[in-house]
Amino acid sequence: MLQLKNLGGFVADNFIVPGKIFHGLGSFSKLETVKGKRAIIITGKGAMRRSGYIEKAIEYLQQNNIETEVFDGVESDPSIETVMKGFDVMMNFKPDWIIGLGGCSAIDAAKAMWVFYEYPETNFADIIAPFTIKPLRNKAKFIAIPSTSGTGTESTCVSVITDREKGTKYPLVSYELCPDIAIVDGELCKTMPASVTANTGLDALTHAIEAYVTPLADAYTDSLAERAVTDIFNVLPTAVSCGDNLDARQKMHDASCMSGMSFSNALLGIVHSLSHQVGGMFGVPHGRANAILLPNIIRFNTQKAESKYMRLAALIGVNSTEEFAKRIELLRHSVGVESSFEEYGISSERWEAKIQVMAENAINDACTACNPRQPTIQDMVDLLRVCFQGATYTQ
């Protein structure tokens, strides 16, 4: 198992955030302040083009005579193969700005492409271990503009890339990956479908809660996590049911960014270790997998983190860790997310065939090192089994 003391270049008293954060409705226009020569926009397969934001971005950049290139081939859960395609485009275009525009997949892929652009000789295996990415910004700086309110990747030192061949996700972790500029404009989210709003919002909630109970949490990370948890409970149902409510959209976007800053500094726990496996093996959307796992992992962690969970419980008006877990289950239900992986549609035969390897891979995930209670492989198997069934974990 990866040990906390072996987390490479992690320095607990650093507080890493983007160089600049522009936030609020209309803040997308801050792209017009960027100075440079060439910018490549990395985006997904149509949403940002259909909504006109690619054209707007190009217009803002051209005001400062910045030449632009667009790579719009990023899929959901970006693969190593997609990262290498984007890297090839960058090597030909030679940008001094890399702009991740769109959902978390586009921004995560852009971050990984950035690493290879700076160091073309790098192999993917060289950067899987936490804090092994060499210093960036020798060739380009990075701008993140999210259109979903979930991963907080615009404010984090993380990029998650999928190995399709092995069926697993790798979180690349390095301070170097924290963007130079983040633009957090809730208007970009107004056409996000309700299911995506729910998935990503519950992902942001998971980030805040996991960051709150790691051994590396401190006053800075706690304050961001507390505000994010409160706002998500208050506005996520509105953002899901009334997507054109821009106040709710902006609050969720800000909450996602705050959660990102919190976990980027305090790191995460085994909700993510297990979710990476479930997503890689079965294609369950990341935030949805997190939401199914989260209440039972709170129950698992209670013996080591009860006082912290109690503080979060009080913020939303309940009096115990169990009530807190149940409120998450109610929130999950209210936004249309299943209570189990079986309900999601995975067969018990397929689940049992993969459960041991998922547990073993999750033990070695970088996130496991910062969980407040260190699990065994059998603990991971037990948690996966109860979350598949929709049962309640008991000690």
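Me: What makes strand 4, helix 4 and strand 5 a right-handed β-α-β unit?
Reply: In this predicted model, strand 4 (residues 97-102) and strand 5 pair in the parallel sense, and helix 4 belongs to the unit with them. The unit is called right-handed because, with the strands pointing away from the viewer, the path from the first strand over the helix to the second runs clockwise.

Me: How do you know that strand 4 and strand 5 pair?
Reply: Two strands pair if DSSP finds at least two bridges between them. Strand 4 and strand 5 have 6 bridges, so the pairing meets that cut-off. Within this pair, Ile98 stands opposite Phe142 of strand 5.

Me: What makes strand 5 and strand 8 a pair?
Reply: The cut-off is at least two bridges, and 2 bridges join strand 5 to strand 8 (residues 181-184), so they count as a pair. These strands run parallel, and Ala144 stands opposite Ala182 in strand 8.

Me: Why is strand 5 called largely enclosed?
Reply: Of its 6 residues, 5 are buried, so the rest of the structure largely encloses strand 5.

Me: Why is Phe131 called buried?
Reply: Buried means under 20% relative accessible area. Phe131 has 14%, so the term applies. Phe131 lies in the loop between helix 4 (104-118) and strand 5 (141-146).

Methods. Residues are numbered from 1 along each chain as its sequence is written. This is a predicted model: local features need pLDDT of at least 70, side-chain atom pairs count only at pLDDT 80 or more; totals for chains, interfaces and linings use all residues. Side-chain values use heavy atoms; hydrogens and water are left out. Helices (H or I, at least four residues) and strands (E, at least two) are DSSP runs, numbered from the N terminus. Buried means under 20% relative accessible area, exposed over 50%, partly exposed in between (1.4 Å probe, protein chains only).
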